[in-house]
Amino acid sequence: MAIKQELEKQKEKRTCLYENHVAEGAFMAPFAGFVMPIQYKNIQLEHLAVRNKCGLFDVSHMGEVTVRGKEAERYVNHIFTNDVTGMDVGKILYGMMCYDDGGTVDDLLVYKIGEQDFFLVINAANIEKDWAWMQEHGSDYDIDLQNLSDAYGQIAIQGPESEHIVETVLGLPCAELTFYTCKTVTPPACSDGQGAELLISRTGYTGEDGFEIYASPDYIRDCWNRLIAADVQPCGLGCRDTLRFEVGLPLYGDELSEQISPVMAGLTMFVKFDKPEFVGREALLRQKTEGVSRRLVGIELHDKAIARHGYTVLNMDGEPVGEVTTGYHTISTDKSVCMALVDTAYAALGTDVQIQIRKKTFPGTVVKKQFYNKSYKK
C-alpha cells in the first residue's frame, strides 16, 4: 500500500508556484492531479480578504488550448454551446462542451484573441479528457489545435481593490477592461529581465471584481513575489470554493458532469439553440422543450447543520428526491445553504424538503442558487 501511495504521489503535478506555497506555509493537498494550496492561514480570513480587499490565487493548474486557422470560428462553434459568430476580438464567452446525449464534457471560457485565433481555458481535472475530445472533433476542420497547458502559469487577483493593485504593483494597465474582456500586453521586464507578452482578462470566479494573468512560469513567479511583497493575501482553493459557491457559480464534478447537462444545471442561457448545429444540440433541445427529470436548486436549511456533497435530499414524507452537490455554512451571510440536484417536482422556489445529515434529518426550503450578490465591474 505504501508503494502504491508513493507512486500516486509521483503522478501529481506541481504548478510553477509550488515552491512559493511551501515557503509561505500553505497546507498542500492533491487536487485535479496537482498538489495545490488549500489554505494558508485559514479559509475564513482568505475568503473575507477577497470580499473586502484583495486575494491572490494560483490557478496555474487550469488548462489552455489554442485554436487557430481559417476554420477556427466554425470549429469552436461546433464544440461550444455558446455562439462565437461575430464575436469581437478581446471578448470572452462562458459555455460548455457537451456529449451527443447532452451530458457535459466540461465548462470553459473562450477568449477571442484574433479573427481566427481563440484561447480556450478548461478545468484542470479534465485536461486530458478534453484534449482527446477536442482532437476527435477537430479532424475535419482546417485548424491548428494546440494544448499549451504546460506552457502557461496563471494567477487570479480578486477583490474590490484588484484593479488598483494590478496597475500599481504589477504596472499592468487594466482599468479599461470591462467584464469578460481580455487583451495582450507587453509588460515591464521581470526581475530577471525576461519581459514577454502576456494575456490579462477580467472575469473572476469569486463574485468579486478581478483579473487573470496568463504568462510564462518565470513571469508568473515574478508577479506572485511582487504581490506577496505588497501584502496581498495569498488564497487557497478552499476559499475559492466557498467564494464561487456563495454566488451560485458551478464547479465541474459537482454542479456539472457527464450526467448533469447545462439544462439540468440551469445554465440554458449559455446554450444558443439558434445556432444551426453544435455537439449535443438535439439532446439539449429535447431537454429544454420536454423538460428534465432533475434540476439544480439552492436549499436553505433551518439550522446550522452543514449539508455536504452527496448527502440525500428527502421530501417531507422522508422519501429520497435528490442529492447535495455543494454545501457550506456561508462565511459572508452566516447561513447554512447548499446546492442540490432534485427531482423536478421539488424544484420550485419555496418547496419544503429535508436533508439527511448522518443519522438526522434537517428541514430546509428551496431558494435561489445565488446566496450572495455578485460585485462584478460591468
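Gly153 is buried, with a relative accessible area of 0%; buried denotes under 20% relative accessible area, exposed over 50% and partly exposed in between, with a 1.4 Å probe and protein chains only. The model described here is predicted: local features need a pLDDT of at least 70, side-chain atom pairs count only at pLDDT 80 or more, and totals for chains, interfaces and linings use all residues. Residues are numbered from 1 along each chain as its sequence is written, and side-chain values use heavy atoms, with hydrogens and water left out.

Gly153 lies in strand 10. Strands (E, at least two residues) and helices (H or I, at least four) are DSSP runs numbered from the N terminus. Not counting residues up to four places away in sequence, Gly153 is in contact (heavy atoms within 4.5 Å) with Cys16, Ser60, Ile213, Tyr214, Ala215, Ser216, Pro217 and Ile220. The C-alpha atoms of Gly153 and Val337 are separated by 34 Å, and these residues are 184 apart along the chain.

An open sheet is formed by 6 strands in the order 11-12-13-10-4-14, with mixed pairing; two strands pair if DSSP finds at least two bridges between them. Strand 11 (182-185) and strand 14 (233-235) each have a single partner strand, so one side of each has no neighbour in the sheet. From one strand to the next, the twist averages 25°.

Strand 4 (55-58) and strand 10 run antiparallel and are joined by 4 bridges, with Leu56 opposite Ile157 in strand 10. Strand 4 and strand 14 run parallel and are joined by 3 bridges, and here Leu56 stands opposite Pro234. Both faces of strand 4 are covered: Gly55 and Phe57 on one side, and Leu56 and Asp58 on the other, are all buried. In a regular strand the side chains alternate between the two faces of the sheet.

## Helices against the sheet

Strand 12 and strand 13 pair in the antiparallel sense over 3 bridges, and Leu199 stands opposite Tyr214 in strand 13. Helix 7 packs on the sheet, touching strand 4, strand 10, strand 12, strand 13 and strand 14. The direction of helix 7 makes about 30° with that of strand 10; axes are lines fitted to C-alpha atoms, for helices over the stretch in contact, and angles run from 0 to 180 degrees between N-to-C directions. Helix 8 also packs on the sheet, touching strand 4, strand 10 and strand 14, and its direction makes about 110° with that of strand 4.

## Nonpolar cores

A nonpolar core is a set of buried Ala, Val, Leu, Ile, Met, Phe, Trp, Tyr and Cys residues joined through side-chain atoms within 4.5 Å. The largest one has 38 residues, and Phe57 and Tyr111 have the most contacts inside it. Elements that give two or more residues to this core include strand 6 (92-98), strand 7 (104-114) and helix 8 (237-246); strand 6 supplies the largest share, 4 residues. A second, separate core of 29 residues includes Leu17, Leu177, Ala215 and Leu227.

## Confidence

The chain averages a pLDDT of 94, and 95% of the residues score at least 70; pLDDT is the predictor's confidence in each residue, from 0 to 100. Over residues 1-7, pLDDT stays under 50, and the model has 0 contacts beyond four places in sequence for them. Where pLDDT is low, the predicted coordinates should not be read in detail.
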